[in-house]
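Here is a short briefing on selected helices, strands and residues. Keep the sequence and the 3D view open while reading.

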Amino acid sequence: MAGIGKKIIPQKTRNFKINTRIIITSVLAIVIPIIILTLAAGIFVATSLNRYDFSSVNTQSYNVINQIQWTQTVSNISSVLTGGDSESEKLEQIKETAEKLEDFGSIIYIEKNGEPYYSTIEPQEALKAAGAIAPINKNVNSYYYGESGIVIVSTAADESGNYTIITANSNYAAQESGVNNAPQHIILSLTNNAAVVLGVCVFTFVAAIIVISLLTSKTIIGPIEKITKGANEIAKGNLDYEIDYQSTNELGQLARSFNHMRLRVKESINSKNRADQQQKEMIAGIAHDLRTPLTSIKGYLEGIKDGVADTPEKRERYLQTIYDSAVSMEKMLNDLLTLSKLELGTITLNREKVRTSDFISFADEIGEELKKKDFDFETINNTKSDPVLFIDTDRFARVVDNIISNSIKYRRKNVRGKIKLTISEYEHSVIFEIADNGMGVDRKSLERIFDTLYRADKARTNVSDGSGLGLAVCKQIVEQHGGMIWAQTNSENGLSIFISLPKTEKPEETENEKDTDN
C-alpha cells in the first residue's frame, strides 16, 4: 500500500505545506460543486432542447409540442414583418424560415395591405390549398388542425401597413388523444430528465468528495499516523525504528526532527554506556594499580616488623622500596587529580604567543636527555613562515614529555631507540608528529590509547611502568587548546602521535598575552 500511495501521489504534491493543502481542499470544495452544477445544467439543456425544441417546427406529427412550435414560428414571422429591417432583409429572413417549413410540405402565404407580399408557391394556389383544408377568414386570427391538415391565420401591423400570414400543411395527422401527447407527459418527461441529471450530479459530487477525502487522508492523516507510530516506538525504547516519510513540508520536517532526536538519544545512550564502561574499567584499573604498591608497602613493612630486615643494609633497601612505591602511588593520584580538573575545566591555561622556531631549542634539550637513555633523536622543521601559536608552554611541555616517556617505556629490546619530531605547517594549523620505533600498538587499541587508564598491554604488574593516565592527560590539554590528537602506526611499525594546534591569526599582537578562561 505504501508503494502504491507513493506512485499515486507525486513527490511535488507530497511536499505541499499543510496550509496549502487546506486552501486547495477548501477551493476544491467550492469549485467542484460549481463545475458539477454547470455540467448538469448543460447536460439538461442539451438533452431537453434537443428533445423539446420550441423554436421551429421539426416534425409532421401534431402534438402539444408541435402546436407550440407552429405558434412560435408564426410569431417569429410576424416579428420579422413588423421589424425595422429593410424589405429585402425581411424577405430574406422569411425565405429562410419558409425553406425549413417546405421540407415538411408546408405552405406560407403573406399579404400586405391586401396584396400578395410573399408566397412559397403561386398566391392563388396557396390560398386554394389552404382553403381546401379549412375555410379562411383573412381578417380573423385562427388556428385549425384536423384530419385534413393544419391552417393558421395570423395578422400583424406596423407603420407601413397590415399583414396577413397564412400557413398550411395538408400532410399532418391530428392526434388529439394519447398519453404521449398530453401536457402531463411532457412535464413527466422533463421531470425524468431532471431526475437523471440530478442523480448523475449527486453521484459525481459524492465521488469528488470521496476522492478529496482519500487524497487528504493519504497526504495528511497517513503521514501523521506514521509519525505517531514512530513516536510510540521511540517512547517504547525502540531507537532503531526510523520514520519513513520524506517531504519538505511541515510533516516531513517533523518526521526528520523525530529521526534526528532518535539518533541523538541513541548516541547519547551509547555514549553513556561507553562512559559507564570506561568508568568501570577506570575504577578497576585504579584498584589494580593501587593494590600493587600497597601490597609491596605492606609486605616490606611486615618484613621490618617481623625482623626479617635484620641488617642496616636490608632495612635501608626495604625502606627505599616502600618510599618508591609511595612515590609511584602519589604520581598516579596526582595524574588522576590533574585529569579530573582538566575534564571539569577548572584548570586555567596561562597562554602566550610562541613561534614554532622556539620549539627547536626545547627539542634540543629533549635530544640531550634522550641520548642518556640510549635514544637517537631527530627534529625536522617543515614550516615556512615560522607560524605563531597561542599556548600554555608548561602544559604543552608536559604533553610532549608524556608522549616521549611512553616511547621510552615501550622501546624494543635489543634495538636502539629512535624518536623523530616533525613540525609541519598548514593553512590554519601546525601539526607536530612524534614518531618512535618502539613496540607499536595494534589497530584496535589505537582508538583507545587516549582513554583513562587504558594500556595496550593488559599486564598491570608494576605501577611504576606507568599509570595509564599520561595520554589521557595529553588529550585533555590539547583539546583545551582547541586542537586535536590522534595516533597511527608508522612505517617502522612504531607509534606516531600527531598533535594539531590552530595557528594564531594575528601574530603582531603583544607577547605573553594571558587567557583567563577556564
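A residue counts as buried when its relative accessible area is under 20%. By that cut-off, strand β14 is mostly covered, with seven of its eight residues buried. The model is predicted.
- β14 spans residues 495–502.
- Strand β12, residues 429–436, runs antiparallel to β14, and seven bridges join the two.
- Ile431 stands opposite Ser500 of β14.
- β13 also pairs with β14 in the antiparallel sense, over six bridges.
- Within that pairing, Ala487 has Ile497 of β14 as its bridge partner.
- β13 and β14 form a hairpin, with five residues between them.
- Asn493 sits in the turn and has a positive phi of about 65°.

**Helix α13**
- α13 is mostly covered too: eight of its 11 residues are buried.
- Among the buried residues are Leu471, Val473, Cys474, Ile477 and Val478.
- The buried residues of α13 pack against α9, α11, β13 and β14.
- Gly482 follows α13 and has a positive phi, near 80°.

**α11 against α13**
- Helix α11 (residues 393–409) packs on helix α13 (residues 470–480) at an angle of about 150°, and their axes are 9 Å apart.
- Angles over 145 degrees count as roughly antiparallel, so α11 and α13 are roughly antiparallel to each other.
- Their crossing is left-handed.
- The contact residues divide into seven nonpolar, three polar and two charged.
- On the α11 side, the contact includes Arg395, Arg398, Val399 and Ile403.
- On the α13 side, it includes Leu471, Ile477 and Val478.
- Beyond its neighbours within four places in sequence, Asn402 is in contact with Gly470, Val473 and Cys474.

**The five-stranded sheet**
- An open sheet of five strands has the order β3-β2-β6-β5-β4, with antiparallel pairing.
- β3 (115–119) and β4 (142–146) stand at the edges. Each has a single partner strand, so one side of each has no neighbour in the sheet.
- The twist averages 15° from one strand to the next.
- β5 (residues 149–158) and β6 (residues 161–169) pair in the antiparallel sense over nine bridges.
- Ile152 stands opposite Thr167 in β6.

**Helices on that sheet**
- Helix α5 (residues 87–102) packs on the sheet and touches β2, β3, β5 and β6.
- The direction of α5 makes about 55° with that of β3.
- Helix α6 (residues 123–133) lies across β2, β3, β4, β5 and β6.
- α6 runs at about 115° to β2.

**A loop residue**
- Where does Asn238 lie? Asn238 is in the loop between α7 (183–235) and α8 (250–305).
- Asn238 counts as partly exposed, because its relative accessibility is 29%.
- Asn238 and Arg262 are 24 residues apart along the chain, and their C-alpha atoms are separated by 8.9 Å.

Conventions: Residues are numbered from 1 along each chain as its sequence is written. This is a predicted model: local features need pLDDT of at least 70, side-chain atom pairs count only at pLDDT 80 or more; totals for chains, interfaces and linings use all residues. Side-chain values use heavy atoms; hydrogens and water are left out. Helices (H or I, at least four residues) and strands (E, at least two) are DSSP runs, numbered from the N terminus. Buried means under 20% relative accessible area, exposed over 50%, partly exposed in between (1.4 Å probe, protein chains only). Axes are lines fitted to C-alpha atoms, for helices over the stretch in contact, and angles run from 0 to 180 degrees between N-to-C directions. Angles under 35 degrees count as roughly parallel, over 145 as roughly antiparallel, 65 to 115 as roughly perpendicular and the rest as oblique. A crossing is left-handed if the near helix is turned anticlockwise from the far one by less than a right angle, and right-handed if clockwise. Contact means heavy atoms within 4.5 Å. Ala, Val, Leu, Ile, Met, Phe, Trp, Tyr, Cys and Pro count as nonpolar, Asp, Glu, Lys and Arg as charged, and the others, Gly among them, as polar. Two strands pair if DSSP finds at least two bridges between them.
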